[in-house]
Structures are given as structure tokens and as C-alpha cells.
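Please open the model in your viewer and keep the selection panel at hand. The tour below moves from the whole chain to single residues.

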Amino acid sequence: MLRESVIASAILALAVTSVAALLGQAVSGIGVAAGLMLGSANGFAIEALLGRGTPFVAASMLRLVTLSALGLLLAVIFGISAWPVMIGVAGAQLVMVGAGVRQG
């Protein structure tokens, strides 16, 4: 399921970047794409943290803080608002839910 989520997020990132470039918003599209790729790593972080026996609440807070901080860092790097990156992260979570539903 995690591999499918990453592949689907990468395909969606390419599509978003292409459409945004056509609309003259390439930098925002790259921000959303970066967020999609960042968010697709969340499943691997869940697996790693819970596999080590980390309490669920602590693991969730650590992932939330880490994804938010990295999202803000990417926004600063691209010189854009944080919203496109965080929208990409949220989109990756929806992709992961879709992959889980598909598998289940």
C-alpha cells in the first residue's frame, strides 16, 4: 500500500505541476508537488515509529510537527506561501487513504 501511495502521489505531483505551469502558476504547482512527495513519506514514518513501539499519540505529534516544519521549510526554499505545500501534504494523505481503501 505504501509503495502505491508514493507512486500515485508522484503521478499526481507531475499532473499538478503540468497544469499549474500551463496556468502560469508553476512555482505554486511545484510547491503542491513538493508537498505531495513530502506527505507520501508519512506512511513510512508511521510504519517506522509504530514498529519501534512508539506510543501512538507521541508518534502522531512527532509526525505532525515534522511534516509541518518540513512543509514550512520547503515554502521558504521556493519563496512561496506555505499553503501550496501543505495542500500537497494533505493531498498525499488522501491518496494514502484511497490506497488503503482500495487494498481493504
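This is a predicted model: local features need pLDDT of at least 70, side-chain atom pairs count only at pLDDT 80 or more; totals for chains, interfaces and linings use all residues.

**Whole chain.** Colour the chain by secondary structure, and you will find five helices and zero strands, where helices (H or I, at least four residues) and strands (E, at least two) are DSSP runs numbered from the N terminus. Along the principal axes, the C-alpha atoms fill a box of roughly 45 × 30 × 15 Å. Of the 104 residues, 33% count as buried, that is, under 20% relative accessible area, with exposed meaning over 50% and partly exposed in between (1.4 Å probe, protein chains only).

**The core.** Next select Ala 13, Val 32, Ala 33, Leu 36 and Ala 92, which make up the largest nonpolar core, a core being a set of buried Ala, Val, Leu, Ile, Met, Phe, Trp, Tyr and Cys residues joined through side-chain atoms within 4.5 Å. Helix H2 (residues 26-40) gives the largest share of this core, three residues. Centre on Ala 92, and leaving aside residues up to four places away in sequence, you will see that Ala 92 touches Ser 9, Gly 35, Leu 36, Gly 39 and Ser 40, a contact meaning heavy atoms within 4.5 Å.

**Helix H5.** Move on to Ala 82, which is found in helix H5 (residues 82-103). Is Ala 82 buried or partly exposed? Ala 82 counts as partly exposed because its relative accessible area is 21%. Beyond residues up to four places away in sequence, Ala 82 touches Leu 72 and Ala 75. If you draw a C-alpha to C-alpha distance from Ala 82 to Gly 71, 11 residues apart in sequence, the separation in space is 6.9 Å.

**Last stop.** Finally, select Val 27, which lies in helix H2 and, at 41% relative accessibility, counts as partly exposed.

Conventions
Residues are numbered from 1 along each chain as its sequence is written. Side-chain values use heavy atoms; hydrogens and water are left out.
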